[in-house]
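Please keep the sequence and the model in view while reading.

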Amino acid sequence: MRQGGTVDLHEYEAKQLFGEYGVRLVEGEIADTPDQVRLAAGRIGRKVVVKAQVKVGGRGKAGGVKVADGPEHARARAEEILGMDIKGHTVRRVLVEEASDIAEEYYFSFLLDRANRTFLSICSAQGGMEIEEVAVTDPDAVVRTPVGPEGVDRAAALEICRAAKLPEEVHDRAAATIVHLWEVAVGEDATLVEVNPLVRTTDGRIIALDGKVTLDDNAAFRHAERVPFADDSGTDPRELRAVEKGLNYVKLDGEVGIIGNGAGLVMSTLDVVAYAG
């Protein structure tokens with residue numbers, strides 16, 4: 001999916017980057033058919049999670065993320081998920097991952113703050129849910145920290161952990177992960193690097209259980225090895241037609257369409273229309 005000079009990655013692609021930079025992950029394989037899912041689950045050899053690979057949020061609520069107890073159960077789960085429509089995106093591929101014993105869930109991201117011409121880190125001890133929802137219900141639980149020109153080293157990462165009130169016993173491991181995520185953001189010219197949830201397992205590991213990365217398409221010339229990431233097969237055809245004409249199109253629920261010039265104006269208009277019912 002390309003929007004305004006950016007490339008959104010699938011979860012499995014984001015995790016490929018994470019792995020290259022040392023972020024800890026669980027074992028997983030991608031699959032395109034129920035039989036491939038069955039074989040992948042057999043190789044993993046434990047309880048697995050079958051996850052729809054589409055470039056939109058809300059997969060879990062839509063039924064696109066399901067736990068399976070074994071290979072045949074995983075195959076059945078894949079039959080339920082493959083071909084699903086999630087917010088206008090058809091599921092053609094799934095990620096089969098080892099299921100984790102989760103003790104706690106956190107949220108972490110780096111995003112480009114264009115207004116202030118810097119990066120912003122966002123961290124919360126309340127992960128596993130929409131961060132916007134947490135920001136509304138418990139604003140103090142979401143800590144935003146501007147990133148200075150010096151970047152993010154271990155000391156800065158530890159300060160982020162303390163500010164977000166992550167449990168002290170995970171500070172060292174969480175800080176190491178934060179540093180690796182910063183390396184992803186810088187090394188890959190990303191405008192967004194997000195992990196939700198970043199989990200502590202019952203055996204004390206800190207794992208990126210999900211991943212979202214948006215790359216700056218203007219820097220693509222520096223990353224020829226990432227060309228395969230520019231996959232439009234799962235993109236809404238209307239978005240592709242809009243891109244061909246130099247426009248951005250975002251599918252939303254409802255029957256009223258908004259045509260606008262500038263993201264701020266469009267968002268304000270959407271709010272006014274929604275307020276009017």
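Q: What share of the 277 residues in the protein chain is buried, and what makes a residue count as buried?
A: In this predicted model, buried residues account for 43% of the 277 residues in the protein chain. A residue is called buried because its relative accessible area is under 20%.

Q: Which residues of H1 are the buried ones?
A: They are Glu11, Tyr12, Glu13, Ala14, Lys15, Leu17 and Phe18. After H1 comes Gly22, with a positive phi near 95°.

Q: How many helices and strands does the protein chain have, and why is the chain called as compact as a globular protein of its length?
A: The protein chain contains 8 helices and 13 strands. Its radius of gyration is 19 Å, close to the 19 Å that the globule rule gives for 277 residues, so the chain is as compact as a globular protein of that length. Along the principal axes, its C-alpha trace spans about 50 × 45 × 45 Å.

Q: What percentage of the contacts between residues at least 6 apart in sequence joins residues at least 24 apart?
A: In the protein chain, 64% of those contacts do. A pair is counted as a contact because its heavy atoms lie within 4.5 Å.

Note on methods
Residues are numbered from 1 along each chain as its sequence is written. This is a predicted model: local features need pLDDT of at least 70, side-chain atom pairs count only at pLDDT 80 or more; totals for chains, interfaces and linings use all residues. Side-chain values use heavy atoms; hydrogens and water are left out. Helices (H or I, at least four residues) and strands (E, at least two) are DSSP runs, numbered from the N terminus. The radius of gyration is taken over C-alpha atoms; the globule rule is 2.2 Å times the number of residues to the power 0.38. Buried means under 20% relative accessible area, exposed over 50%, partly exposed in between (1.4 Å probe, protein chains only).
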